[in-house]
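I open this notebook to record what I looked up on packing, sheet arrangement and ring contacts. The entries follow in the order in which I made them.

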Amino acid sequence: MKTKYLLKKVVALIIVLIAGFALAACKGSTKKIPYGSLDETVYLSGDGYKITKKELYKEMRTNEISVLEKMIYRLILADEIETINENKANYKDDFVDIVNDKIFFEDDIDELKEMKDEDINKLVAKFVDLLYLEGVVINPTDVDTVNFTEHSQVILDFYIIDVAKKIHAQKLLDEEILDEKSDYYIDVKDALQNYYKNEVEKKYPLSSINIRFTNSYEANQTLRHFNLKSYRSKWYLVPNPRVDVVEGYARDVLVELDLEDKNGSLSESEHQEYYDKYVVNPTREPVEHADVSLTLDEVLVKFFEIYNFVYPYKAEVDTNLYSTVEDVLNAPELVNDDEENLGQFTKLYDDYPSAQSSLRTYIYDTLSTEEDGTRYTASPRNYGNYYFLSFKLKDHNEDIKAYLNEDDELIIYTDETEETLTDYAQEYYDEIAKSKLSSTYISTKFKDLLKEAKIVVYDEVLYLHLKREEVPATLSKKNSNTVVVKVDDKEILVDDLYEELEAKIGPNIAMDMAVRQILLNSDYMEKITDEMKKEYKDNVENVIREFSQNGYEQSGMPASMGRKNFLRLSFNSETIEEAVERVYIRNELERLFYMDYERFYGDVAYEKFAAVANRLRNQFFTISSSHLLIYVDMDEDDEPDNPEDFFKTLTEVQIATYKEMVVELMQLIHDRASKHSSFAAGLRSVVSDFNDSTKFRTDLCDADENIEYRPECTWAKYKRYGFFLKFEDLGDINHTANYPDSDSGWDKDFFARLHHLHGEIKAEYYDVDKKFPTQLLDDKPLSYDGDEENLGVLETSFGWHLILVTGGDVAKSAKFTYEDDTYIDSEDEESLKIFEEIKVKDREGNEVILDAYSADDDISVNQARIFMYESTTDRGVVSLPNDVLSALNNYLTPIKTKYESNYTKMFLLYKLLKETNYTYANPQSTVKLDGVLDVNMRQFLEYNEDNELFLEIYADWFDLFG
């Protein structure tokens with residue numbers, strides 16, 4: 001929660017610079033603040049103070065100017081809002097899009113349904129709290145997290161202004177697209193023809209056989225394996241002397257290679273020589289020796305044979321059932337553009353990953369199903385990181401072809417009168433119009449509407465704030481006690497504005513005002529010296545002086561706006577003295593209050609800080625690592641598949657087989673990597689060999705001497721299961737890497753394994769010689785799931801991992817004993833230890849003598865107290881040994897920072913309020929404030945319920961410091 005209502009700790013200069021607007025100086029006498037029926041009725045009271053409704057309104061009205069803005073917008077959009085309320089069902093889609101974007105930052109329903117439940121639940125919890133802070137009470141069940149379309153009406157109504165803006169813009173757009181002078185005009189014929197060309201003509205579903213290879217060697221060896229050669233974009237079947245006795249030109253090639261005696265029984269290496277030597281020639285003499293290209297149906301069968309060979313883990317295509325193109329086109333299980341039941345070889349335009357966009361273009365634009373066109377890829381083509389063979393089966397564009405005339409232009413109208421669009425042209429036209437209704441257009445048109453309205457403001461300060469928000473208002477020359485703003489002939493009354501402000505921020509602002517009074521009347525004021533007040537005043541005057549010299553003109557704060565208005569807007573004050581009090585003195589009083597640890601916790605204050613800091617210290621770890629990733633990419637989107645999702649597509653037997661393969665592959669990788677001079681070099685070598693190899697194992701692999709030099713002898717088995725390998729350096733990862741405020745967000749299982757490895761390595765290595773190994777490979781898995789002795793395979797959401805630890809670190813020690821200390825000679829010639837007697841003061845100013853010792857690695861209470869005390873002094877922390885100070889900076893400073901956060905400050909201010917026996921006149925205000933405090937706590941914990949490491953430190957934070 002943004003606690004700006006409670007904690008306005010800002011530097012004057014920053015406050016000045018945040019305004020981005022220009023104002024003319026307001027002339028004439030100061031306008032009276034309209035208060036309506038608000039009087040001195042007490043809203044909140046306690047020992048020594050009371051906050052009246054009138055005082056509360058004066059403060060609230062400038063703290064949340066968005067409330068008044070919304071009230072103005074509702075009046076300006078009254079007609080649109082009435083239209084919506086008359087039939088909300090007509091605008092449901094608009095509401096749903098806006099609400100989903102606000103809650104989930106995504107309005108695509110299909111994308112929303114792919115989100116993880118834990119992410120959805122967290123976003124919903126945040127949204128429920130957000131609306132609570134807006135004064136709207138809902139429950140998580142009010143948010144539809146199944147279909148994402150049936151959110152409660154309370155939520156929808158909250159965004160009615162956004163929908164009304166869209167409706168207003170839509171009405172204007174409907175006119176502008178017909179106006180030839182408008183920038184938004186739609187020239188129907190040209191626009192529809194262009195839309196068809198760009199968005200429809202080549203974006204239909206398409207059926208094709210696409211076979212992916214990891215490298216060119218694999219692709220070409222596959223063609224050799226199937227005795228295929230290409231010549232002028234056609235395939236030729238080369239005679240195969242591995243199993244057949246060949247004659248003619250093929251026999252001549254064998255003779256030339258001195259392989260004639262092996263005709264019909266060539267080895268793989270010999271066949272490679274033969275294949276490379278063989279030259280395709282369709283015109284070779286005599287005619288019976290000429291090569292004959294495969295027919296289209298024969299090519300199709302070969303494509304299926306290669307497909308079945310390359311993808312043994314996919315549904316096999318029976319070439320006996322599908323031996324012709326016609327057979328395939330008549331098989332809906334293979335070719336089908338029904339989006340709910342796509343054929344095995346049918347893809348939607350958007351199904352191609354971005355890395356394959358050029359492949360998609362090639363299939364759509366270059367390959368053809370026409371009789372004289374090129375229908376298939378004769379030679380493997382490189383797209384992205386892979387090589388592909390493609391056979392185009394069908395363009396599913398029969399419907400859109402029917403939309404064209406004899407000149408291949410879109411038929412736009414139903415008749416020659418050109419008055420009525422065809423159904424599809426109307427659909428395209430609607431999409432064109434929809435694209436013009438952008439957020440920029442909506443915003444621009446609403447700003448224009450604001451300018452057209454006559455907005456008169458009767459409160460001078462609110463006028464300034466509205467102008468800052470670019471609301472085009474004028475200041476009334478007359479006073480009014482009841483009206484705060486008039487929009488055309490409609491009025492916004494003070495009482496109505498108060499009611500909406502109070503519902504949203506009343507209890508918060510009242511508490512803010514109360515603690516301000518309490519602190520101004522507290523003993524802390526005695527610590528604000530005259531010198532400090534003079535310094536504060538000089539600061540404000542220096543800012544005003546720079547303003548007067550037009551120093552802030554570039555920031556939208558010209559000197560012409562006048563010093564008075566500058567003070568009001570930048571300091572929320574009428575005078576320099578008030579600015580000093582509101583900004584500088586208030587901030588210093590709050591600081592003194594927050595840092596008065598003993599006031600809150602007495603003698604155990606520093607025990608609390610030391611205890612939490614030691615939790616952080618004991619949790620600390622840093623591990624440097626790399627990893628070898630085994631993954632599958634069955635959907636060929638160039639991204640690793642989640643094994644959990646992949647396994648859902650398999651039978652139990654298939655799952656067991658894949659798990660066995662993963663274990664076997666990981667063991668093999670482990671063994672191979674262990675033979676190198678370093679594990680890193682070994683893992684890189686494994687990945688290189690794997691990626692350079694093919695998917696099939698030749699008979700050359702039967703000779704042991706070939707295995708080491710032919711990668712496919714080792715890796716083909718695993719590549720045929722669809723496995724890929726990747727080796728990556730991960731750098732340093734520490735204990736906070738998965739904290740909710742971290743940017744890294746490692747997979748939970750991966751992070752847990754790193755944590756575990758650090759513990760094992762520390763025990764086995766660091767605790768022995770205070771060093772981490774620079775090369776330590778994770779244990780070789782003995783089984784997939786593992787047991788107490790062996791952890792098994794590390795499976796995460798993007799594959800399977802073998803971790804290589806390359807270093808690490810442990811927590812810094814705060815240990816420093818009397819024996820570690822050194823002596824110095826004092827003036828009275830007595831020998832003293834340097835850190836034996838360190839002077840600090842308690843909250844009464846009494847001197848306390850502490851030593852800086854700790855008997856073990858943990859931070860001692862004395863060390864924490866010295867650190868916390870000296871960090872508030874001008875000289876800083878100077879009375880701790882360097883190593884101890886380093887430990888405290890690493891583990892106590894983060895705790896101190898959390899303590900000084902707005903979340904903790906809010907609870908401390910609430911503690912101060914409770915000390916005064918506070919009472920809200922309306923008990924519901926107490927309920928609202930309690931709810932705000934609960935929200936504050938959830939936001940502090942970042943809505944995490946299962947982040948064990950984070951909760952280990954902070955779960956009981958408000959029990960300790962609340």
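Entry 1, burial. I take a residue as buried when its relative accessible area is under 20%. The model is a predicted one. I looked up Tyr 57 and found 0% relative accessibility, so Tyr 57 counts as buried. Tyr 35, at a relative accessible area of 14%, is buried because that value is under 20%.

I counted 66 aromatic pairs in the structure. Tyr 35 and Tyr 57 form one of them, with 6.2 Å from centre to centre and 75° between the planes, and the pair is edge-to-face. The pair links distant parts of the chain, 22 residues apart: Tyr 35 lies in the loop between helix 1 (12-17) and strand 1 (42-46), and Tyr 57 lies in helix 2 (residues 53-63).

How are the rings of Tyr 195 and Tyr 428 placed? Their centres are 5.4 Å apart and their planes stand at 35°, so I noted the pair as tilted. Tyr 195 belongs to helix 10 (residues 188-200) and Tyr 428 to helix 18 (residues 423-436), 233 residues apart. I found Tyr 195 and Tyr 428 buried.

The largest nonpolar core has 176 residues, and Tyr 57, Leu 68, Ile 72 and Val 485 touch the most other members. Helix 21 (residues 494-520) gives the most to this core, namely 13 residues. I then listed the contacts of Ile 72, leaving aside residues up to four places away in sequence: Ile 455, Leu 466, Val 485, Val 487 and Ile 492. Another core, of 39 residues, lies apart from the largest one; Ile 363, Ile 412, Ala 425 and Ala 433 are among its members.

I traced an open sheet of four strands in the order 10-9-11-12, with mixed pairing. Strand 10 (473-475) and strand 12 (490-493) are the edge strands, each pairing on one side only. Neighbouring strands of the sheet are turned by 25° against each other on average, direction ignored. Strand 9 (residues 455-457) pairs with strand 10 in the parallel sense over three bridges, and Ile 455 has Ala 473 of strand 10 as its bridge partner. Helix 21 packs on the sheet and touches strand 11 (483-487) and strand 12; the direction of helix 21 makes about 55° with that of strand 12.

I located the charged end of Arg 212 over the ring of Tyr 386, 4.1 Å from its centre. Lys 229 lies over the face of Tyr 275, at 4.9 Å from the ring centre.

Technical notes
Residues are numbered from 1 along each chain as its sequence is written. This is a predicted model: local features need pLDDT of at least 70, side-chain atom pairs count only at pLDDT 80 or more; totals for chains, interfaces and linings use all residues. Side-chain values use heavy atoms; hydrogens and water are left out. A nonpolar core is a set of buried Ala, Val, Leu, Ile, Met, Phe, Trp, Tyr and Cys residues joined through side-chain atoms within 4.5 Å. Buried means under 20% relative accessible area, exposed over 50%, partly exposed in between (1.4 Å probe, protein chains only). Helices (H or I, at least four residues) and strands (E, at least two) are DSSP runs, numbered from the N terminus. Contact means heavy atoms within 4.5 Å. Two strands pair if DSSP finds at least two bridges between them. Axes are lines fitted to C-alpha atoms, for helices over the stretch in contact, and angles run from 0 to 180 degrees between N-to-C directions. Rings of Phe, Tyr and Trp (its six-membered ring) pair if their centres lie within 6.5 Å; planes under 30 degrees apart count as stacked, over 60 as edge-to-face and the rest as tilted. A charge sits over a ring if NZ of Lys or CZ of Arg is within 6 Å of the ring centre and within 35 degrees of the ring normal.
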